Amino acid sequence: MSTDFVIEAEPRADQGSGASRRLRRAGKLPGILYGGHKDAIAITLDHNAILLNLKHEAFYSHILTVNLEGRRERAILRDLQRHPFKPTLIHVDLQRVSADEAIRVQVPLHLLNEEICKGVKTGGGMINRQLTDVEVECLPADLPEAIEVDVAGLDVGETVHLSELVLPAGVTVVALAHEGHDSAVVSVLLPRGEKAEPEEAEPGVEGLEAED
């Protein structure tokens, strides 16, 4: 993974809705750091720093470094609460990760070669995305920032399913552990109202059918 996100955090003693409102008015963001066989810790983060990091897609599917009281914790963003109509954050949940324990994370799907997709260029079709991300399970060191889906050879009427994704070593798709959950990821469809060109009949076949 090419990007390294470092978060500065401080422990907070005051909790409750009143204390959280005071923190937010001061430009701080209340949160919690939990998991990893350790006690949960209420923390305070810099609101604008987190908001800036959220502009990076990789922040949502990345192992983060949390600096807390002189020690570094490894964690993932597990939950995020936003204000219902203001461009501000309300609360953030960070989950510690252990190097030897598998984690489950939603990872974005990146389409490759859309501009040269066979079904679009020669078949007049349109790319239809059914999924934009997928939940994977892996060790923290194997977590990909994204999973690439090459659609160059995809023709009209064809679909890429979860089971056809090319995954990095050590990474599995959680949904495939359950039978019947091999969902469609992306397909190429004709625009609504259009039909595929019928195949031409072999010479003489039509006449023979009429004669019969």
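How many helices and how many strands make up the secondary structure of the protein?

Tutor: The secondary structure comes to four helices and 13 strands (DSSP runs, H or I of at least four residues for helices and E of at least two for strands, numbered from the N terminus). This is a predicted model, in which local features need pLDDT of at least 70 and side-chain atom pairs count only at pLDDT 80 or more, while totals for chains, interfaces and linings use all residues. Residues are numbered from 1 along each chain as its sequence is written, and side-chain values use heavy atoms, without hydrogens or water. The protein has 212 residues, of which 35% count as buried (under 20% relative accessible area with a 1.4 Å probe, protein chains only; exposed is over 50%, partly exposed in between).

We may now turn to the largest pocket, whose volume is about 220 Å³ (the space filled by probe spheres set on grid points joined across faces, edges and corners). A pocket is an open set of points on a 1 Å grid over the protein atoms alone, fitting a 1.4 Å probe, with protein on both sides within 12 Å along at least five of seven lines; lining residues have an atom within 4 Å of a point.

Three strands, β5 (71-82), β7 (103-112) and β9 (133-138), each supply at least two residues of this lining. Strand β7 gives the most, with five residues. Arg 104, Val 105, Gln 106, Val 107 and Pro 108 belong to the lining, as do Leu 77 and Arg 78. By class, the lining has five nonpolar, one polar and five charged residues (nonpolar: Ala, Val, Leu, Ile, Met, Phe, Trp, Tyr, Cys and Pro; charged: Asp, Glu, Lys and Arg; polar: the others, Gly among them).

The loop between α2 (47-53) and β4 (64-68) deserves attention next. His 56 is located in this loop and is partly exposed, with a relative accessible area of 43%. The C-alpha atoms of His 56 and Thr 3 are 9.8 Å apart in space, although the two residues are 53 apart in sequence.

A search of the whole structure finds one aromatic pair (ring centres of Phe, Tyr or Trp, its six-membered ring, within 6.5 Å; planes under 30 degrees apart are stacked, over 60 edge-to-face, the rest tilted). The rings of Phe 5 and Phe 59 have centres 5.2 Å apart and planes at 85°, so this pair is edge-to-face. Because Phe 5 lies in the segment before β1 (6-11) and Phe 59 in the loop between α2 and β4, the pair ties together parts that are 54 residues apart in sequence. Both Phe 5 and Phe 59 are buried.

Most residues other than glycine have a negative phi. Glu 69, in the loop between β4 and β5, has a positive phi of about 50° although it is not a glycine; Glu 69 is exposed, with a relative accessible area of 59%. Asn 113, in the loop between β7 and α3 (118-121), likewise has a positive phi, of about 60°, without being a glycine. Asn 113 is partly exposed, with a relative accessible area of 27%.

Finally, Gly 31 has its place in strand β2 (residues 28-35) and is buried, with a relative accessible area of 0%. Gly 31 and Ala 9 are 22 residues apart in sequence, and their C-alpha atoms are 9.2 Å apart in space.
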